[in-house]
Each structure stands twice: as C-alpha cells, then as structure tokens.
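Biologist: I would like to learn how to read a model like this one. Could you take me through it step by step?

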Amino acid sequence: MQLSWLLRGIRTGVLTTRYPSTKESMPDRWRGVVELDPERCRVEASAAPCVASCPSAALRLEGSGVATEPERLVFDPLACVACGRCVEVCPAGALRMTARFELARLDHPRGSAVG
Amino acid sequence: MTSARPPDPTATRRDAARPVWLPTSTTSGLTIEPAPVARWAERALELRRLDGSVFVDLFGGPILADGSVALTMLFARPDHHDWVALRDAVAPRSTFPSLSPVLEAADWYEREVFETFGLIPTGHPHLRPLGVSGGTTADELLRTPLDPASVGVVDYPLGPVRSGIVESGHYTLRTVGEEIVDARLQLGWKHRGIETLATTIDADQLPLLAERISGTDAVANGLACAVALEDLAGWHVDERASVLRLVAAELERLHDHAAFQAELCQATGLVVAQSQFEIVRERALRLAARIAGHRYLFGFVRPGGVSIDLDAALLDDVRRTVASLKGDMVGLGAMVAGSGSHQDRLRGTGAVSEADALGLALTGPVARAVGVDLDARRDLPYEAYAGLRPPVALERHGDAAARARIRQAEAVIAADLILTAVDRLLGQALPASRPDVRWAPRPGSVGLGWAEGSRGLEVHWVETGHDGRVARYRVRSASFACWQGFARTIPARNILTDFPIIEQSFGLSYAGGDR
C-alpha cells in the first residue's frame with residue numbers, strides 16, 4: 001500500500017513553481033490592489049460614494065489646506081481589504097481593481113499607492 | 001431570578017400588545033415566544049419531547065433602554081422545518097435559573113452570557129468566564145482551573161502559540177503515563193468582538209464582516225448573514241443567484257474537506273497523501289479565485305444575490321475542474337481507506353458518544369459521525385437546497401475514522417451538487433443586471449439566517465432596534481457548538497499522542513468559535 005502512494009507521488013510529478021523567480025499571474029477577476037486614476041476622479045462633484053461605501057476607511061477626502069481648493073481623494077492601501085465596493089459605486093470609473101497581488105514590502109509609506 | 005419587562009414607549013405606534021423586548025420575526029418559519037426565563041427549562045424539555053426540537057443557541061442582548069438585557073434561547077425543529085425562540089428580558093446584573101442541569105448543551109452558552117452581560121445563571125455546575133468574549137486578560141486565560149497535580153501526574157501545557165499553521169488554543173492535558181486523564185481547553189485568543197463591531201457599521205456591510213469570522217467558513221457565514229438581512233429588508237433572491245450561492249457553498253465544502261483530509265494525514269505522518277489532498281484543495285481554491293476573484297470566495301454572496309455572475313465559459317471551467325477534483329477525491333479516499341498505518345491511528349481515537357452528541361447539541365460531521373441524522377440542507381432547507389434533499393452521509397462509531405469518512409463522503413456529494421447546479425445554470429440566460437437593492441430594514445425585528453457549513457450549522461441572528469439599525473448580531477458558529485464536545489472527548493480513553501489526531505479529526509475553527 002505504501003508503494004501505491006509512492007507511485008502516485010511520482011505520477012503527480014512536481015507541481016510547485018519557481019515563484020518568486022518565475023512570475024505568477026492572477027485570474028481576470030482577481031481583486032488585487034485598487035488603482036485610482038486622479039484624472040478621472042470627480043469626487044468634488046459627487047457625494048463621494050466610494051468613501052461612504054468603504055468598510056475599512058481606506059478612502060478618505062483630504063483638503064489641501066486652501067479653502068478655495070477642492071478636497072481630493074486619498075487611498076490608503078494598507079487599510080484596504082480589496083472588497084471592490086468602491087469600484088462598483090464610482091460614477092466616473094476612476095477606480096479599478098487590478099490583478100496585482102504582491103503587497104508585502106518593507107517600507108509601506110502610509111497613505112500612498114503601493115509601489 | 002429577576003424578570004424585568006420595561007414599559008415600551010412606542011407601543012402605541014407599533015403594536016399595543018408587543019413589548020419592546022419582543023421583536024417581530026421577519027423570517028418565515030421562526031416563531032418568537034415570550035416566556036418567563038424561569039419556565040425555559042420546562043419549555044425546553046417540552047419542545048424536545050413533543051417536537052424533536054434541537055437546542056441551537058442561548059444568548060444575551062440587546063441591552064434595552066432601561067439597562068435590562070434581552071435573553072433568547074433558540075431551537076431548530078427539523079421535523080417541522082422551522083425554528084422556535086424563547087424570549088424574555090431580565091434586569092441588569094440579576095440572576096436567572098441555569099438550564100445546564102437539565103439541558104447540558106446550555107453550559108458554555110450560559111457562561112458566555114455570564115461573562116458578557118454579567119447575568120448569573122444560578123445552579124450552573126461550574127460557573128466561570130469562558131474567555132471567548134473579551135474582557136478576560138491573557139494571564140487569567142492561562143490560569144489552569146485544574147486542581148494541583150499529585151505525584152506521578154503530569155500537567156502538559158500546550159499553546160496558545162503552537163507550531164505550524166494551527167490556530168491559537170491553550171490546553172492543559174493531565175496525563176498519567178501515556179493516558180490523558182483530564183483536560184482543560186481555553187479558547188478566546190482569536191476574539192475580535194465581531195458581534196459588537198457589527199452594531200457600529202452599516203448593516204449592508206455586515207456580510208463583509210461575517211465572511212471574516214473564519215476564512216474557511218466564509219461562504220457559509222456570509223450566506224447565513226445575507227439571508228438574515230434579506231428577511232429583514234424583505235428582499236427576494238432570484239433562482240439563478242440562489243443556485244450560484246449553492247455552487248459557492250459546495251465549493252467551500254469541497255476545499256475545506258480536502259484540507260481536512262490533508263491535515264489528518266499530516267497528523268498520522270502520511271505525508272504523500274497530505275500533499276495529494278493539498279493539491280486538490282489548492283486547485284479548488286484557484287477555481288474559487290477564477291469565479292469570485294478571491295480564493296475563499298469573499299465578496300461573492302451579497303444581500304439580494306451575488307456580486308458577479310458566471311458566464312458559460314466559466315461554468316464550463318467549473319464543471320471540468322470539479323469533475324476532475326471529484327475523481328481525485330474518490331481515488332485518494334480509497335487509498336487512504338486502505339492505508340493500515342493511517343486507519344490504525346484513527347480507529348477508536350477521540351470517540352464521541354451518541355449521548356454526548358445529542359446532549360451537547362453537537363453539529364455537522366462531528367454529530368453525523370455518531371449517527372445524528374441532521375443536515376440543515378435537507379432538514380431546515382434554505383435557498384436552492386429547498387426541494388433538492390441532498391444525500392446525508394452518516395456513520396455510527398463517532399471516532400476519528402468515522403469523522404474522516406463523513407468528510408470524505410460529503411466532499412464527493414458536494415462535487416455532485418455543484419455539477420448538478422452547473423447544468424441548471426447553463427440552461428438559464430444571464431440576468432440583464434444585478435438587482436440594485438437598498439437597505440431599508442424593518443425596525444424592532446429579527447431576521448434569522450442559517451447555512452450548513454463544512455463544520456455544521458452556522459446560525460446568524462440579526463435584530464434591529466427601533467431606529468432600524470442593528471441592535472444585536474449573534475453568530476452561533478458550528479465550531480462554538482462543537483468545541484464543548486471536543487473538550488469532553490479528549491480525556492475519554494485517549495493517550496497523549498492521540499491529541500493532534502483528535503484535534504484534526506474534529507476539524508474546528510478557532511477563529512469561528514472565538515468570533
């Protein structure tokens with residue numbers, strides 16, 4: 001009986017990959033890092049539904065300090081749980097889920113996009 | 001015992017006869033009976049005798065405006081395919097008669113009420129904090145409640161930090177030679193206060209939280225929560241979404257049962273078999289990622305339906321992959337069944353008696369392994385399972401081998417259910433759009449949702465206050481229900497080296513129990 005396991009193991013062969021030296025890709029629907037396109041963002045004209053829909057407060061509005069300037073949308077990738085709600089509710093299509101999944105790094109600067 | 005029935009200031013607006021502590025049930029099949037807590041023991045026995053009712057939950061909350069605490073005891077009635085809840089309100093920091101002497105299963109639940117709400121169940125056989133509800137320090141959790149050991153008796157501490165990927169649990173195993181003669185289990189290390197957190201967020205985000213109670217039960221918990229919310233808001237889920245949810249739930253069962261077999265093989269040192277089962281699990285997780293964009297299907301089930309549909313190409317992918325996984329599970333199951341070294345370690349190990357399974361209201365594969373013929377998919381049907389009557393695997397011996405056979409059989413049944421569901425989905429047109437639903441719950445109401453997860457029955461109680469916000473979110477996880485049985489089983493004629501096998505053969509979730 002032990003021999004049958006051995007044979008099965010040999011038949012299966014090596015399935016593990018050489019990641020990270022070999023790149024892996026995620027499926028099309030993968031919810032990885034959220035990407036914000038500031039050019040398309042019309043947060044000042046809308047009620048910021050993305051901010052309201054975010055369950056983990058990863059999106060927030062931030063003023064520049066100048067009263068006449070509109071608030072801008074700030075995304076904190078460390079707080080993001082990649083649920084995709086913000087992408088669904090964005091009326092301008094400024095947010096999208098990407099297939100990027102490699103989030104670990106030693107120096108995450110808070111409040112900036114994952115680099 | 002002190003019973004308090006506070007005056008209801010909104011009684012004239014709502015229902016003159018309905019006090020504030022008695023919410024309206026929005027779930028068809030859930031009856032909420034007002035009953036003084038002093039009569040609960042008598043009523044519980046009556047329900048069990050007359051209707052074959054099964055104890056499911058006992059919990060406190062919400063805390064009412066005058067400080068009194070609502071108490072609820074929930075029963076499932078499989079023979080009637082419905083639910084009965086007993087409800088009362090008691091004054092803060094008061095006492096109520098313990099049900100544990102007549103209803104053994106109530107033990108841990110009463111201790112949780114004691115720990116969380118400060119209500120004292122008088123007559124409880126060993127009242128002390130359970131440690132699963134926060135507010136208990138690590139030092140207190142580690143304090144062993146065993147009497148001092150005498151000469152020749154060794155107390156073997158284990159955890160809470162352990163090797164490998166095993167979650168955090170702390171055990172004190174008392175041994176005489178090889179045999180475990182007593183054991184204490186201390187949970188609570190994964191407590192995140194999810195039930196409290198739920199009352200601070202928007203209710204339509206509740207399933208996101210429910211999915212994170214325990215990653216490997218994500219669909220079961222997300223589904224139970226979504227169903228409860230749908231009842232509260234009066235939403236209808238269309239047939240296609242319901243079948244898609246079934247596919248997700250059964251895929252979760254398939255990958256979790258494969259993981260179970262892998263971990264059991266690891267416990268007995270059958271490493272090639274472990275890797276083979278892990279391959280099955282990994283392929284199932286990758287299929288989940290292709291379906292939902294998440295390996296544990298987070299975000300797939302939504303109140304009102306599902307977040308994303310599956311087109312014909314993806315359904316074909318599901319069919320081919322699941323058919324292949326089923327073939328692998330059948331082949332591996334036969335090989336494991338024929339492995340003498342593996343089976344020798346499982347047979348007779350960690351045996352649960354039928355009396356304990358019934359008395360402690362155990363659920364899922366742990367209960368079915370000792371002949372408790374109960375599966376919510378058949379006996380309390382919900383969603384697409386209604387009318388399907390899926391086959392239920394049963395065993396008699398209640399040991400680790402029986403639990404492994406149950407999980408093996410259920411994995412194959414899960415694959416069959418997915419294949420049948422995919423055939424149904426392929427015959428349907430894709431809906432034009434996902435329903436756009438807005439959260440508008442009924443105030444002062446209860447929605448009950450449940451799902452048969454891979455570990456058993458997950459039950460979610462969502463209760464709204466009079467402002468329409470969630471006032472109480474209660475999760476009775478299958479793992480919580482089964483941990484009581486696990487603690488009882490360890491010292492029952494087992495030796496120290498049986499411990500990892502008993503633990504893996506129960507296959508419970510620490511995070512799920514701790515919430």
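**Domains, helices and confidence**

Modeller: Happy to! Let's begin with the domains: in this predicted model, the centres of domain 1 of chain B and domain 2 of chain B, taken over C-alpha atoms, are separated by 28 Å.

Biologist: Which residues does the domain assignment of chain B give to each domain?

Modeller: Domain 1 of chain B covers 24-122, and domain 2 covers 198-462. Where they meet, domain 1 of chain B puts in 16 residues and domain 2 of chain B puts in 16 residues.

Biologist: Which elements give two or more residues to the side of domain 1 of chain B that touches domain 2 of chain B?

Modeller: Look for strand E1 (24-25), strand E2 (30-34) and strand E3 (54-63) of chain B. E3(B) provides the largest share of that side, four residues. By class, this side of domain 1 of chain B has nine nonpolar, five polar and two charged residues.

Biologist: Now to helices. At what angle do helix H14 (residues 400-426) of chain B and helix H16 (residues 499-506) of chain B pack?

Modeller: For a helix pair, read the angle together with the distance between axes. Here the angle is about 30 degrees, and the axes of H14(B) and H16(B) are 9 Å apart. Angles under 35 degrees count as roughly parallel, so H14(B) is roughly parallel to H16(B). Their crossing is left-handed.

Biologist: Which residues make the contact of H14(B) with H16(B)?

Modeller: H14(B) contributes Ala400(B), Arg403(B) and Ala404(B), while H16(B) contributes Ile501(B), Ile502(B) and Ser505(B). Sorted by class, these are four nonpolar, one polar and one charged.

Biologist: And between the chains, how many residues does the contact take from chain B and from chain A?

Modeller: Chain B supplies 18 residues and chain A supplies 16 residues. On the chain B side, helix H8 (residues 271-292) of chain B gives the largest share, seven residues. That side of chain B has nine nonpolar, eight polar and one charged residues.

Biologist: Finally, where in chain B is confidence lowest, and where highest?

Modeller: Start with the average, then look at the local values. Chain B averages a pLDDT of 87, with 91% of the residues scoring at least 70. Confidence is lowest in helix H3 (residues 138-142) of chain B, with a mean of 60, and highest in helix H12 (residues 364-368) of chain B, at 96. Check residues 1-14 of chain B as well, where pLDDT stays under 50. As for the overall scores, the model has ipTM 0.83 and pTM 0.89.

Conventions: Residues numbered from 1 in each chain as written. Chains lettered and ligands numbered in written order. Predicted model: local features only at pLDDT ≥ 70, side-chain atom pairs only at ≥ 80, totals over all residues. pLDDT = per-residue confidence, 0-100. Contact = placed C-beta atoms within 7 Å. Nonpolar A, V, L, I, M, F, W, Y, C, P; charged D, E, K, R; others polar. Axes fitted to C-alpha atoms, helices over the stretch in contact; angles between N-to-C directions. Parallel < 35°, antiparallel > 145°, perpendicular 65-115°, else oblique. Left-handed = near helix turned anticlockwise from the far one by under 90°. Domains from an automatic or database assignment.
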